[in-house]
Amino acid sequence: MMFTSQAGYAAPDTNSDLSKLNEKSVATVEIPLLAGWYQGHLVHYISTDMSDQKMAQQADTNYVSRLSNVLRAPVPGQPSAVDRVYKLSNFDQGSVFPSAPESVGYRNKSEAYTPLWVVYMVTWRDTTKAHVLKSEEEVLDATEKQLVDLTPTKIVVNCPILYSAKEGLLNGLQIHIK
């Protein structure tokens, strides 16, 4: 059984089959992959949950107000459960991630990676100078050069990275390109 949900897309009626699901069911789910960037490399991720209701509606994800609770002040010397993700507000490109799994899956060696992100909006001051930003360093450099404005939000999203052009695909996943 395959179920697809995309913003603005009406999935085929598979709900009648959902009554057959139980704890021993073997089923798959089809969910759209979103493209983004990490250190100049293309990454693909899914988005399942957001702490902002309007953004969740636009992205066709779960609205989870409790996600914003992860923004409580961290204890000094302790790692945080969230990291920044940079979303472009006035230029069409994928989000920019400051971390990604190093070896996707259980072999991940990155202690910086988290699937929970706090959204920072990036807005080009002059859209005629806009270009694809492919790393956090490029975002911060554009901010320093006053080419973009960087606006922190209190929006937290759950967006695990499943594929990296550099590190490969999470074991057991299949990607079907249409």
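This is a short chat about a predicted model of one protein chain.

Me: What's the secondary structure of the protein chain?
Reply: Two helices and 10 strands. Helices (H or I, at least four residues) and strands (E, at least two) are DSSP runs, numbered from the N terminus. The order from the N terminus is β-β-β-α-β-β-β-β-α-β-β-β.

Me: Where is Asn 158?
Reply: In strand E8, residues 148–158.

Me: Buried or exposed?
Reply: Asn 158 is buried, at 18% relative accessible area. Buried means under 20%, exposed over 50%, partly exposed in between (1.4 Å probe, protein chains only).

Me: What is Asn 158 in contact with, leaving aside neighbours within four places in sequence?
Reply: Ile 46, Ser 47, Thr 48, Asp 49, Leu 67, Pro 115 and Leu 116. Contact means heavy atoms within 4.5 Å.

Me: New topic. Which residues touch the most other members in the largest nonpolar core?
Reply: Val 85, Phe 97, Trp 117, Val 157 and Ile 161, out of 16 residues. Strand E2 (41–45), helix H1 (53–59), strand E7 (116–124) and E8 each give two or more residues to this core. A nonpolar core is a set of buried Ala, Val, Leu, Ile, Met, Phe, Trp, Tyr and Cys residues joined through side-chain atoms within 4.5 Å.

Me: How many residues are in the other core?
Reply: 12, among them Tyr 86, Leu 88, Val 96 and Ala 142.

Terms used. Residues numbered from 1 in each chain as written. Predicted model: local features only at pLDDT ≥ 70, side-chain atom pairs only at ≥ 80, totals over all residues. Heavy atoms only, no water.
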